[in-house]
Amino acid sequence: EMATVPLGFNIDTPRWDQSTFVGRLKHFLNITDPRTVLVPEEELDRAKALVEGCRAGLVPPGSSREQLLYAKKLYDSAFHPDSGEKMNLIGRMSFQVPGGMALTGCMLQFYRTVPAVVFWQWVNQSFNAIVNYTNRNAASPISLRQIGVAYVTATGTALATAVGLNLYTKRAPPLLARWVPFAAVAAANCVNIPMMRQQEIINGVTVTDGDNNELGHSRRAAVKGIVQVVVSRITMAAPGMIILPIIMERLEKFPFMQRIRVLHGPLQVLLCGGFLLFMVPAACALFPQRCSLALADLELELRDSIVAKHGDKVPYVYFNKGL
């Protein structure tokens with residue numbers, strides 16, 4: 001026995017206005033909540049069934065609006081927005097805080113020797129590759145060979161940047177050496193994300209009108225989406241990796257800190273977590289997830305075909321930029 005959905009309730013309409021930064025921040029604070037990582041698989045599957053039932057207009061009797069919204073929160077945190085498939089745990093944005101804080105803390109702590117730099121940058125790029133693959137625009141399939149090439153190039157870039165700068169900063173002030181991991185992460189993001197999502201650049205992403213009717217594929221839209229994701233990811237890492245080294249540099253001068261050297265690593269990991277708790281949703285919220293592009297900025301042939309079919313009724317096209 002099923003009941004109908006509460007009147008005027010649309011499960012796919014975000015609860016907050018997505019055209020403002022604050023609205024997007026609230027939305028991403030909700031779906032990147034690290035606590036959702038601990039939710040059992042069966043509960044996630046139940047949430048998906050509830051969301052899909054709600055889309056079809058039928059829900060279990062007595063379902064409250066709060067229950068439906070919580071199911072949607074779980075669904076958004078664990079299932080891909082394009083394909084509806086369950087994402088692997090490591091690649092979910094809700095895992096960015098626990099995963100990112102451990103890796104960033106270790107990169108900031110073990111920056112002095114080349115083997116440590118190589119190991120932690122490699123682990124971090126492996127993590128990034130999984131995140132980028134998981135959050136790609138799923139309408140553009142990517143082959144295993146392309147994934148391999150993207151992974152090797154990004155890891156190579158990160159290592160070259162980190163090891164090169166590490167050797168270069170040997171004679172520089174100590175703080176500069178602490179900023180090397182950030183430079184490596186930023187450089188690798190500029191390579192990893194476009195490489196992992198190269199199919200979108202080659203074939204274009206699906207663009208739609210305001211009512212979600214498909215209009216074609218645009219490479220320019222793909223490039224805009226990927227550039228925004230690169231900026232978001234670098235922003236996500238920046239405060240923790242730039243401000244935290246300054247804090248640690250000051251703290252380590254205190255005698256009590258010199259007595260508890262063994263705790264420096266765990267302390268950095270915890271402080272990274274504090275930064276990431278806010279920065280993951282804030283960086284995701286920098287740009288709207290449903291990205292838009294003016295008709296005038298599209299490729300000529302796509303623009304002509306849209307104008308031929310719809311006249312001047314479609315001033316903007318929309319697409320999912322990925323995360």
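The model is predicted, so local features need pLDDT of at least 70 and side-chain atom pairs count only at pLDDT 80 or more, while totals for chains, interfaces and linings use all residues. Residues are numbered from 1 along each chain as its sequence is written, and side-chain values use heavy atoms, without hydrogens and water.

Ser94 lies in the loop between helix 3 (65-78) and helix 4 (96-109); helices are DSSP runs (H or I) of at least four residues, numbered from the N terminus. With a relative accessible area of 1%, Ser94 is buried (under 20%, with a 1.4 Å probe and protein chains only). Leaving aside residues up to four places away in sequence, Ser94 touches Ile31, Thr32, Asp33, Pro34, Thr36, Val37 and Ser77 (contact means heavy atoms within 4.5 Å).

## Helix 4 and helix 5

Helix 4 packs with helix 5 (residues 114-134) at an angle of about 160°, and their axes are 9 Å apart. The two helices are therefore roughly antiparallel (an angle over 145 degrees, on a scale from 0 to 180). On the helix 4 side, the contact involves Gln96, Gly99, Gly100, Leu103, Cys106 and Met107; helix 5 contributes Trp120, Gln121, Val123, Asn124, Phe127 and Val131.

## Annotated regions

The unreviewed UniProt entry annotates residues 148-168, 226-247 and 267-287 as "transmembrane region"; such annotations may be inferred rather than shown by experiment. Residues 148-168 are 100% helix and 0% strand, with end C-alpha atoms 30 Å apart.

Key. Buried < 20%, exposed > 50% of the residue type's maximum accessible area, 1.4 Å probe, protein only. Parallel < 35°, antiparallel > 145°, perpendicular 65-115°, else oblique.
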